[in-house]
Amino acid sequence: MTANLPLLSGGQLVVASLRAHGVEMAFSVAGESYLEVLDALFDAPEIRLITCRQEGGAAFMAEAYAKVTGKPGVLLVTRGPGACNASIGVHTAFQDSTPMVVLVGQVARHQIDREAFQEVDFRRMFSPLAKWVAQVDMAERVPELMNQAFQVAVSGRPGPVVLALPEDMLRDRRAVAASGPYRAVHAHPGAADLAELRRLLAAAERPIMLVGGGSWTDAACAAIARFAVASDIPVCCSFRRQDIVDNRLPVFVGDLGTGAAPSLVARIKAADLVLAVGARIGEITSQSYTLFGIPDPDKTLIHVHAAAEELGRVFRPNLAIQSGMAEFAAAVAALDPIPSPRWAAWRREARAEYEAGLQPSKLADSPALDLGRVMTWLRERLPDDAIVTSDAGNFSGWPNRFLQYRRPGRQLGPTSGAMGYGVPAAVAASLARPGRIVVGFCGDGGFLMTGQEIATALAAGATPIILVFDNGMYGTIRMHQERRFPGRVVGTALMNPDFLALARAYGAYGARIARTEEFAPAFEEAVASRRAAIIALQVDPEMISTRTTLSALRRAAEAAKEKA
Ligand SMILES: Cc1ncc(C[n+]2csc(CCOP(=O)(O)OP(=O)(O)O)c2C)c(N)n1
Ligand SMILES: [Mg+2]
């Protein structure tokens, strides 16, 4: 059979494999270690290669592209320096359960283990960061290992895989055929599991559902909402996963992120049954492991997760179901609803608390730039298919608390808490879904970590609108400092560039906003400009979160110290 196949280089086989797996877009920073792959891409115009400015940005782009499209994000980077820069995105994909295929150039096989130029043992480097790492030492095995890479990335709990490609292997020529496309493999809930779930639910008085994790399709989101609505079960979302359930539905009751509403936390504590679907019950979801008893949660816990390893981790559920989200959602949507559930008032109260939280808290005497009013305006202005990306930092409390999400709109944020995510994710989302409004929320700290990818946006025609919350500090850490060491500010003050001049230097639309009423016109101009845009918001440093001010924090910490 092989006699009829053309001789292809390892690099050409890599690209033939990308094609066979249906890859349409890949993100890269070039390197001499994988020239053969780049050259093969020259002949593959159906794969759009996005040239990025730093591998950290490129990796976040690949990760966000995967979140938006549901397809694995493909990233190409060079040996040690490229892989080291990219590692933040690999870690984020791991924590966020995002499928990603990372191709890393490697030194030639005969140089390995000499600490050759830029050599790193990628198996060791990525072992705690990636779902799977391998090195392709024989060109004839490219189809097999590429196939395995895609298969592992998308199946079960999705995650990032890394393939190291020695540069001399990429030059070897072999007559083998590419393989693909991948087929994601997910478990289904069994009939007995579903019957037990319904029995436990029917016996509950105060149930609450918690949805989160990765690999939710639009259809799975719609199905899980039908299930919740049919039995009137309140639903909250885990950190930065608010787009799983339409926030305008009466069953939606808030998000259990880092700035979760105290009323929601109290409600979960008061619940007698928690049905957690897709989310890991990790540190943030369990509010630093305080929501449930360890290992036996003092309430009925039903945990549904794509990976068997997550079930029974820390907490021992009464019922553990290993299932993909689409498979689970379809199965429960078909269950008989609980007739006139006892918890109607419980659900109504939870929703009323959530709706009350949409009213901005009274924090200070009318700041010139009132972020609560800006967010309220955006909530009404953004279309249903808007994509919101978020960096990590205290500013993210504003969109998390006040915006509402629904499919096909999306909320893309790093549950890993990685700063630098906001801009590249917005660029990738805009490339993956051109024509949609994409708004990227960043702090002044996170923005300057990867803001250079605005250049990528301009070059590739992406049109994200980046909002930079300029408070002159690493606000989150300053908040922790004021709590623990009031008045002792160190390492958290920032001196910023002129963001307006910076926007213009990139060729982006730019605006600087100091007052509430300036926001709407600037936003509309940014949309109309059909270019990437940076809107810098001059934020009063007092506005440290949506719920408290910096001086209130300091006063409380000082009072606590005096008492102690
Ligand atoms: C890559 C990375 N480095 C450091 C941190 C620790 N960290 C978390 S939030 C934060 C400050 C964020 O500052 P900024 O982006 O200005 O947002 P703000 O909190 O001021 O709104 C820091 C330094 C992190 N999460 N990620
Ligand atoms: Mg800041």
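Strand β2 (residues 25-28) and strand β3 pair in the parallel sense over four bridges, where strands are DSSP runs of E with at least two residues and helices are runs of H or I with at least four, numbered from the N terminus, and where two strands count as paired if DSSP finds at least two bridges between them. Within this pairing, Ala26 stands opposite Leu49 of β3. The model is a predicted one, in which local features need pLDDT of at least 70, side-chain atom pairs count only at pLDDT 80 or more, and totals for chains, interfaces and linings use all residues. Residues are numbered from 1 along each chain as its sequence is written, chains are lettered from A and ligands numbered from 1 in the order in which they are written, and side-chain values use heavy atoms, with hydrogens and water left out.

Strands β2 and β3 belong to an open sheet of six strands, in the order β3-β2-β4-β5-β7-β6 and with parallel pairing. The edges of this sheet are formed by β3 (48-51) and β6 (132-135), each of which pairs on one side only. On average, neighbouring strands of the sheet are turned by 20° against each other, direction ignored; axes here are lines fitted to C-alpha atoms, for helices over the stretch in contact, and angles run from 0 to 180 degrees between N-to-C directions.

A second open sheet, also of six strands with parallel pairing, has the order β16-β15-β17-β18-β20-β19. Its edge strands are β16 and β19 (509-513), each pairing on one side only, and the twist averages 15° from one strand to the next. Strand β15 (residues 387-390) is joined to β16 (residues 410-412) by three bridges, the two strands running parallel, and Ile387 stands opposite Arg410 in β16. Four bridges join β15 to β17 (residues 438-443), again in parallel; in β17, the bridge partner of Ile387 is Val438, whereas that of Ser390 is Phe441. In a regular strand the side chains alternate between the two faces of the sheet. Both faces of β15 are covered, with Ile387 and Thr389 on one side and Val388 and Ser390 on the other all buried, that is, under 20% relative accessible area, as against over 50% for exposed and values in between for partly exposed (1.4 Å probe, protein chains only).

Helix α14 (residues 397-402) makes a right-handed β-α-β unit together with β15 and β16, the crossover being right-handed if, with the strands pointing away from the viewer, the path from the first strand over the helix to the second runs clockwise. Helix α15 (residues 422-432) lies across β15, β16, β17 and β18 (465-470), and runs at about 175° to β17. Eleven of the eleven residues of α15 are buried, so this helix is largely enclosed by the rest of the structure; among them are Val423, Val427 and Leu431.

A further right-handed β-α-β unit consists of β9, helix α9 (residues 218-230) and β10. Strand β9 (residues 207-211) pairs with β10 (residues 235-238) in the parallel sense over three bridges, and Leu210 stands opposite Cys236 in β10. Strand β10 is in turn joined by three bridges to β11 (residues 252-256), which runs parallel to it, with Cys237 opposite Asp255 in β11.

How values were computed: Contact = heavy atoms within 4.5 Å.
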